[in-house]
Amino acid sequence: MTTTEPRDAIEQVSSKFGITPEDYMLPARTEIHMLDINGKLHPSGQQGAEPGHEYPLPSPKALVDAYEQLVIGRRVNDQNSALVRQGRMAVYPSSHGQEACQVAAALCLGEDDWMFPTYRDTVAVMAKGVAPMEVMAGFRGDWHSGYDPKQYKVSIQSTPLTTQLLHAVGVAHAAKLRGEDTVVLAMCGDGATSEGDFHEALNFAAVFNLPVIFFVQNNQYAISVPLSQQSVAPSLAHKAVGYGMAGERVDGNDLVALLAVLGRAVRLAREGNGPLLVEAHTYRMQAHTNADDATRYREDSEVQGWIAKDPVTRMRTYLADAGLLPQDTEERIAAHAEAVAKNLRDGMNSENVPDPADLFAHVYSTPTTQMAEQAAMLADELAREEDAK
Amino acid sequence: MSPTVTTSSAANGNVSAATAAAAARTADAGTQPVTFAKALNTALADSMALEESVLVFGEDVGVLGGVFRITDGLTKRFGTGRCFDTPLAESGIVGMAIGMAMNGMRPVIEMQFDAFAYPAFEQIASHVAKMHNRTKGKMPLPMVIRIPYAGGIGGVEHHCDSSESYYAHTPGLKVFTPATVRDAYLMLREAIDSPDPVIFMEPKKLYWTKEQVDLEALRLSHETDAVPPTEGRAAIARSGTDATLIAYGPSVSTAMAAAEAAALEGRSLEVIDVRTIVPLDDATICASVRKTGRAVVIAEAPGFASVSSEIVARIQERCFHSLAAPVLRVTGFDTPYPAPKLEKYYLPSVDRILDAVDALQWEEGA
């Protein structure tokens, strides 16, 4: 367990960058971005311009690997939305338009690092390696969650907002007490920053100097309510200074910048410099879920404006221009994405009948007398139904 | 703890008697007046000494030792990594404990007072209670949430709530509430050992009560499984034949006093100490009611939609044909917990219990 006091940690890291602790904690004056909307490397944005906010370009291999996940992520979103329309899946909150954030969140972490995703972060969960059909169990209505959080170091996708940020803090705290260098990435949206647990989680992480990255995907809407009605802070990243941690904002549709910013955040956290808050500026291209009608609260012209900033197109243009996407690589990536989509379709088409006995089997580690009685009651009811057939 | 003496023959009977007397003296030497608070404190310390993953945290639990001193000395003995103060935020405390339990720890956290636990309710109801179920057991949450609860101490508003029904109504939680010093020790050890999350409700009016207890003997009994578990096992606190009083936590001592008073009037009342509200020991409760044919359920919490109403319903469902009278209740009124000068009108009292017993449709002359 490191004995560095949180204040000392901030002093040390800011002096390393030659800036004041306040300048370390405050985000750069503008959001970090590396690609312009046409996919050209931003001349002044190859690195952040300000001291303490400098970001090197990720390696070509890292960029191509990330692009592969980006293409898969887009395919997964579109496939799952189609499955919902066909009535083969109960619900799917799509991250269409946010795939760069999803991919960077997963790829910035090491194998032993933990991720705490929300219901909209399915692509990130898959990109961290969780088997697709295990992820989909929740969305097809089989059970609340289908994968083992310990096996993948991915918590179950949280529906209550920001409650999972505190669990992330606890996982990081336990690891720190054991002297492990685990980093934890905790995800939430812009609307969720209004929740009390957002405040408590950031404060706890800072006070205990824990290696947690709070990653806010600011997609502009909490279902229908725009960010302007959630917060009048200069940016969500500015909230960091109030807790004594570093904040940064990044173009959430720029995969290159996201990999750079989150990659550095993970390194800083792992080195014992405490938690960081990263706000990614992006857009939810589709409705909240299939049950929502986004035309009731936003104009089509606004949506059109964001199509021009599409993260997949920008990344593809950049890589192609840089000579990093030869035809065989593109074909391999496209085939991989199709294979993932086919796997999802096949999985959803296969019949899976949940066992009613599971209702009672997992409420406690060993069913109580009352659970056993109620299980027997249901089993008897089902047996009588079967006999009547 | 009664000493066991084996006599091999009548010839050395006198020697054995002397040995027995000596052993009894030894046993007595280990028995001391121990407060409920000290029993809890010792249970925490013994669990921490045995298991590295047991952590204690909350508000003022470190240097101060907790506002009720239940965590006294733990930081000094085990260090700030094992017992520490947190920022003042109950949802944060419970939420962080969930993450720690997810990652190999066994947190034992303190909510300073019953009503101060309400900010943590979402974490408790949506996550503590459900994590095991929603992951089909892949992510158990071994953790204990200690909550000082109930009244009788002249406490101010928001310091005397009986909040057990909220937790008992939430599937996935276990709810323990000890009523004796011995159970305070054993039940907290058991809660910490449990693979399931336990809401551990401590009747704060009992913190300063004392019993003759040998804590070291209790530690050995617990650690060698020499005592039966309390989970799901109500205790028969007093045997009787005419009617059954069913109580838990702070109400057990009131029920015992009522039984004592009834005995002077010639009525033999059995007293059941529920001990673990979840899981509830239907068998012991029902066996007693079937035997006596009459029952009164006693609890401090408002009676409406409560643990007491649940117990009455279950007795009615299971013991209807053994009942000689409707099952009655003596509970707190359906009002917010009163100001200190009014709490004597609110709390279940010996007189109110005896009145309820009198109303159990006794035959003429009984």
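Helices here are DSSP runs of H or I, at least four residues long and numbered from the N terminus, and the model on screen is a predicted one.

**Stop 1**

Select A:A201, which lies in helix 9 of chain A, the run of residues 196-207. A residue counts as buried if 20 or more other C-beta atoms lie within 10 Å of its own, and A:A201 is therefore buried, since 34 other C-beta atoms fall within that distance. Now display its contacts, leaving aside neighbours within four places in sequence: in chain A they are A:T162, A:L165, A:L166 and A:V169, and across in chain B they are B:G92 and B:G95. For a contrasting distance, pick A:A320, which is 119 residues from A:A201 along the chain, and note that the two C-alpha atoms are separated by 41 Å.

**Stop 2: two positive phi angles in chain A**

From A:A201, step to its contact A:T162, a residue placed in the loop between helix 7 (149-152) and helix 8 (163-177) of chain A. A:T162 is not a glycine, yet its phi is positive, at about 65°. Is A:T162 buried or exposed? It counts as buried, because it has 29 C-beta neighbours inside 10 Å.

Next select A:N209, in the loop that runs between helix 9 and strand 3 (212-218) of chain A. This residue, too, is not a glycine and has a positive phi, here of about 50°. A:N209 counts as buried because 26 C-beta neighbours lie inside 10 Å.

**Stop 3: the side of chain B that touches chain A**

Show both chains together and select the residues in contact between them: 36 residues of chain B meet 35 residues of chain A. On the chain B side, helix 4 (90-102), helix 5 (121-128) and helix 6 (131-134) each supply at least two residues, and the largest share, nine residues, comes from helix 4 of chain B. If you colour this side of chain B by residue class, you will find 13 nonpolar, 17 polar and six charged residues.

Keep helix 4 of chain B selected and look along its length. Its 13 residues reach 18 Å from the first C-alpha to the last, close to the 18 Å expected at 1.5 Å a residue. The helix is mostly covered, with 13 of its 13 residues buried. Just after helix 4 of chain B, select B:G104, which takes a positive phi of about 90°.

**Stop 4: an annotated span in chain B**

Select residues 34-209 of chain B, the range that an unreviewed UniProt entry annotates as "domain: Transketolase-like pyrimidine-binding". The end C-alpha atoms of this span lie 8 Å apart, and the span is 36% helix and 17% strand.

Then select helix 2 of chain B, residues 36-50. Its 15 residues reach 21 Å from first C-alpha to last, close to the 21 Å expected at 1.5 Å a residue, and 13 of the 15 are buried, so that helix 2 of chain B is described as mostly covered.

**Stop 5: further along chain B**

Move to B:A258, in helix 10 (residues 251-264) of chain B. B:A258 is buried, with 29 other C-beta atoms within 10 Å. Not counting residues up to four places away in sequence, B:A258 touches B:L245, B:V350, B:I353 and B:L354; of these, B:V350 is 92 residues away in sequence, while the C-alpha atoms of B:A258 and B:V350 are 4.8 Å apart in space.

Now select the peptide bond that joins B:V278 and B:P279, which is cis, with omega about -5°. B:P279 is found in the loop between strand 12 (276-278) and helix 11 (282-292) of chain B.

**Stop 6**

Which residues touch the most other members of the largest nonpolar core? Among its 210 residues, they are A:A104, A:I213 and A:L262. Helix 11 of chain A, residues 255-270, gives the most to this core, with twelve residues. Centre the view on A:L262 and, leaving aside neighbours within four places in sequence, display its contacts A:A104, A:A105, A:C108, A:I213, A:F215 and A:V278.

Finally, colour chain A by its domain assignment, which gives domain 1 (6-349) and domain 2 (358-388). The centres of domain 1 and domain 2 of chain A, taken over C-alpha atoms, are separated by 41 Å.

Note on methods. Residues numbered from 1 in each chain as written. Chains lettered and ligands numbered in written order. Predicted model: local features only at pLDDT ≥ 70, side-chain atom pairs only at ≥ 80, totals over all residues. Contact = placed C-beta atoms within 7 Å. Nonpolar A, V, L, I, M, F, W, Y, C, P; charged D, E, K, R; others polar. UniProt positions renumbered as here; feature names shortened; annotations may be inferred. Domains from an automatic or database assignment. Core = buried A, V, L, I, M, F, W, Y, C linked by C-beta atoms within 7 Å. Buried ≥ 20, exposed ≤ 12 C-beta atoms within 10 Å, placed from the backbone. Expected span 1.5 Å × (residues − 1).
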